[in-house]
Amino acid sequence: MNDTSAPVEQVPGAADGPRYDFRAAEPKWQAAWSERACFQVADVPTDGKPKYYVLEMFPYPSGKIHMGHVRNYTLGDVVARYKRARGFSVMHPMGWDAFGLPAENAARERGIHPAEWTHANIATMKAELQRMGLSLDWAREFATCDPEYYQHQQKLFLDFLAAGLVERKESWVNWDPVDGTVLANEQVIDGKGWRSGAPVEKKQLSQWFFSITKYAAELLDVLGSMDRWPERVRLMQANWIGRSEGARLHFDLVPGKSKGAGIDKIEVYTTRPDTLYGMSFLAIAPEHPVAAAVAARDPAAAKFIAECRSMGTSEAVIETAEKHGYDTGLRVKHPFIEGATYPVWIANFVLMEYGTGAIFGCPGHDQRDLDFSRKYGLDVIPVVLPPGADPATFSIGKEAYVGPGTAYHSDFLNGLDVDAAKRAAIDALAAKGMGQGVTNWRLRDWGVSRQRYWGCPIPVIHCDSCGVVPVPAGQLPVRLPDDVTFDRPGNPLDHHPTWKHVDCPRCHEPARRETDTCDTFVDSAWYFARFCCASATDEPLVRAAVDHWMPVDQYIGGIEHAILHLLYSRFFTRAMKDTGHIGIDEPFAGLFTQGMVNHESYRAADGVWLYPEEVDKRPDGTVVQKTTGEPVIVGRIEAMSKSRRNTIDPGEIIARYGADTARWFILSDNPPDRDMEWTEAGAAGAFRFTQRVFRLAEGIGATVARPAEFGPNGRTLRRAAHKAIAAVTEALESFAFNVAVARLYELANAITDAERSGPEPGLDWARREAVEMLARLSAPMMPHLAEEVMALLNPGAAVLVADLPWPEPEADLLIAESVTIAIQIMGKLRGTIAMPPDATAASVIAAAEAEPHVARALEGKRIVKRVHVPNRIVNFVTAG
RNA sequence: GCGGGCGUGGCGGAACUGGUAGACGCGCGGGACUCAAAAUCCCGUUCCCGCAAGGGAGUGAGAGUUCGAUUCUCUCCGCCCGCACCA
C-alpha cells in the first residue's frame, strides 16, 4: 500500500487570485542583492562608517541545516540588516567548522573519504542557507579543513609554542583500547567507549596543552565588566575557572616509620587555615605519591588503592560513593601544637587533580571530613563558635558547622572571626616557613592532542637527538595526506606508510612527525578573527583588518557553548595578542544565547515513533496516523531529535512556505533566548501574514502628492505608522523580536482599519506611507517580501530596501491627540476619561470627578487625597 | 548540597523608571461570502454572578511596603538550568 506518487503541494491560498508568489520573488531578490554585492565589505573599509561585526556560531557541516540553524541565522540576520540600515558598515560572514569525528565515522561506515563527505555537506548546506536570504558576505567563506585555513592555525601554534603558551606534558586520558584512541569525557558512557563499548582505561600519555591557566585570573576578572554577556554565561565561566583563596602548608611526617621511605612531608591545600586546631587526620588521594610509596611495602594499602581505581569514573558512581579510607600507619606533626600527631589516611574522596591531592581533615567544619570521621571513629573538635552559641555546650552532631563565627579551642586564634583567623593562621605558617597564602584554580590547561585523522596536524617533529622540533615556517602547511585508510582502529596518520617519516629539520637525521591532530575547538577559537582577512595568504591575520573589525559586536549561538568554545576563544584571543597577531583581548563584546527549537513527538500505539508528516490532526482534536487511521499518542514537546523523529526539515518548510514565512514564524513565537515550539499552525499563520501584507500593498494606488492636511482617519493611521517606527526600533534594539513582530501586526491592523473607513482627503497618501513603513520595518525579518512590496509601490524604481536607511519617526506624530486616563478609587479602576495630552492636574481631576461611574461611586464619600499621574491615572483616596 | 533563573487566559507571550493586567499571535466559538469547500473578511474569547446594565475575583501561595504591586521586600511551594566529595 505504498503511495509512490509525489505528495500534492498544499499551500494555503495557492488556488485563488493573484497572490504573493514567494517561489519567484525570493530567488529574484537574492540574485539582486548578490549582483549588487550589497553585503560585501572591505577588509579595511574607507567609507568612514562605524563598523558593526555580526557573527553567528558557524555550523558543523553534518549534512543538512536544521531548525536550530534557521533560528540562529535568522536572529543574526535581523541584527545585521537592521544595523546596516542604521548606517553601520556591517560585516556578516559565514564559514564551516569542518573538522571533526562524524566525517571519520562516515569514512569508516560508508567508505567515503572525510574530505569528500565534508565538502558535499557544505555544498548542500550552503545552498540551503542561501535560500534563507541571509545578508551574508560569502566572499569571506572558508572551511576549517582547508589547508588555506589550517596552515595559519599551524603558524599560530608555533608562535604560541615559541611564546611558552604551549607545553607538552604527561596527562591521564580516557583510552579506548579497541579503537586505539583517546576519548573526550563526554564520549565515555558508563565507563565504556561510546563506539566500541570497550571499558575505557586511564592511561598516561604525552599530550600538547595550551596554557590557558596562565590567563585564569584575567579571564575571570574581565567577566565582571562584560555587561553585554548574559549573566548566567558569565557565572558558568566564573564557576568553571573556579578561583579559591586559601593556603598551602606542609605537614612533617613523624620519622621512624619505614613505610613512607624517602618522603618527609606532605603538602596540603586548604581554604580553612583557621580551623587547623580542629584537625583530626590527614588524607591523601589514592593516586598520591605517598600512597604509592606506602603501597610498595603494604599489600593491604595496594589492594585498597586498586579498589578505588576500579570504582568507576562515571559521575553517578562518584556521587553515591561512600567514603572509604585506609589508615597508612604514618603520622604527621601539627604545625602549631607541639607534640601533637595525626594519622595519615588514604581516602577515596580526595581528588589528586585538585590542590595538592592531600587535605587535612577538620570534621567539625567540613561535612566530608565529618562523614569520614564518624565512619572511622576519629575525633571531632569544634573550633569555630557560631554567633551566640555557648562554648560550654556547643557540639557537632551530624552536620558540620560551616558558617561564620569566632575561633575557640585555638590558642592564638581564639576570639578572632573566621576571616581574621585565616589571616593570622597564614601569617603564623609563613613565619615558621611551613606554608603561605595561595590562590587556587579549578581551571586546568587545555589538552588539544587527538589521535585522529580529520583535524589540523600539529606542526612538530619528534627527533631522537633533538627532541621536539617545530616544523620550520617555510615547510608549512603540514598537509593531511589524502591516501588514508580507515580499515583498522586507531589513527590513520599513524598507520600511513610514509607520512610520518621525515628528516629532522635541525640535525637532518630520520625523525617522526607528530601524528596527533588538534582538538576541533582550536579551529573555532580564532575563526572569528580570520573572517576579517579571510583571503590573506601570507599570514594568519592582517592586523589592520582585525583591529578594525574586532571585537565581534554581536555574537549569537547556543548556550551549550557557554563554557568551552567561548572560554577557549577568549584565551586564544589573548594569546594572539601576546604573540603580536592582534591588538585586542576580548573577542565578543556582545553575546546572545538563543533557545532551542522544540516540537511535539508522536508515537503509534505499538510505541514506534512517527514523523510529524505521518500524523493527521483532525478538526475534532484527535490525532491519528495517516496510513492506518489509528490514534496516535502525542508526546512531550521536546528538542528535535532524529531518534524521536520529531524533526522538521527547514528545506521542506522553505519550499512550501518560503524563507520569509520560516523567518517570521521563528521570530514571532516567543523571546529568542527561550526554547520555542515549532508548530504547523504557527507557520501557517505566518504564511497568512505574508499574503496579507502583499494584499495591503496591492490595494495602494499610484503615487499621489503629499496633502497639506489630513482627515481624522489619515491622522490616526499616520500616528499608528510613526508609533510603529519607534516601537519596532526599540524592540529590535533590545532583541525583543517577538515584540517587534507584534507591533507590525498592529500596524497591519491599523492599515486594514483605514481601508475600511470612508474616502477622505489625504487618506491615500497616508495608506501608502503606512504600507511602505510596514515593508521597511519588516525588512530585517522578511527581506524578500519587503523588496517585493516596495517594488509594487514604486514600479520602475531601482532602489532596494536593503540599501535604504532605517525610517525615522516624525516627532509630532508620536504625541497622541488624546490620552486615556484611568480613574481609580482606592486603587480600584472605576472608569476612564479621554483628555488632551498634558492637561493640567486640576482639569483632569475635575473631569475625573464628573465621570458618571466615578461620580456615583464617590457619592457620600469624603475625598482625602487626589493622586494625579500626568497622562496616566487619577486615584481618589476616600474616607468614611 | 552550592549557584542561577522562571511561575501571567486553553497555548506562546506583552506590560515604559510602581500607574487601565492579558497587547500581538495561535487556538476556539459565532457570523458573512459560496451550490459547496478552500481562501478571505467581520464579531467574540481571563474566570465567576447577571438577559443586561453592572458587580466580584484574578499575574504560583501567604504576608509586608505604598494612594496604587505582574513590577519592590520577606517566607513558602513548584519547575528549569549549570556545577558538584574542588578541601
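In the predicted model, a polar side-chain atom of Arg695 is placed 3.2 Å from a sugar or linking oxygen of RNA strand B, a polar contact being a pair of N or O atoms within 3.5 Å. A sugar or linking oxygen of the RNA also lies 3.3 Å from a side-chain N or O atom of Thr270, and the side chain of Asn749 has an N or O atom 3.5 Å from a phosphate oxygen of RNA strand B. The model is predicted, with local features requiring pLDDT of at least 70 and side-chain atom pairs pLDDT 80 or more, whereas totals for chains, interfaces and linings use all residues. Residues are numbered from 1 along each chain as its sequence is written, chains are lettered from A and ligands numbered from 1 in the order written, and side-chain values use heavy atoms, without hydrogens and water.

Around RNA strand B there are 53 residues, of which Thr271, Lys323, Arg368, Glu746 and Arg872 come nearest; a residue is near the strand if one of its heavy atoms lies within 4 Å of it. Sugar or phosphate accounts for 63% of the RNA atoms within 4 Å of the protein, and bases for the rest. Helix H22 (737-756) is among the elements that each supply at least two residues of this surface, and H22 gives the most, with 9 residues.

Elsewhere, helix H21 (residues 712-733) packs with helix H23 (residues 763-778) at an angle of about 15 degrees, the axes being 9 Å apart. The two helices are therefore roughly parallel, a term for angles under 35 degrees.

Technical notes:
A polar contact is a pair of N or O atoms within 3.5 Å; within protein, one must be able to donate a hydrogen and the other to accept it, and residues adjacent in sequence count only if both atoms are side-chain atoms. Helices (H or I, at least four residues) and strands (E, at least two) are DSSP runs, numbered from the N terminus. Axes are lines fitted to C-alpha atoms, for helices over the stretch in contact, and angles run from 0 to 180 degrees between N-to-C directions. Angles under 35 degrees count as roughly parallel, over 145 as roughly antiparallel, 65 to 115 as roughly perpendicular and the rest as oblique.
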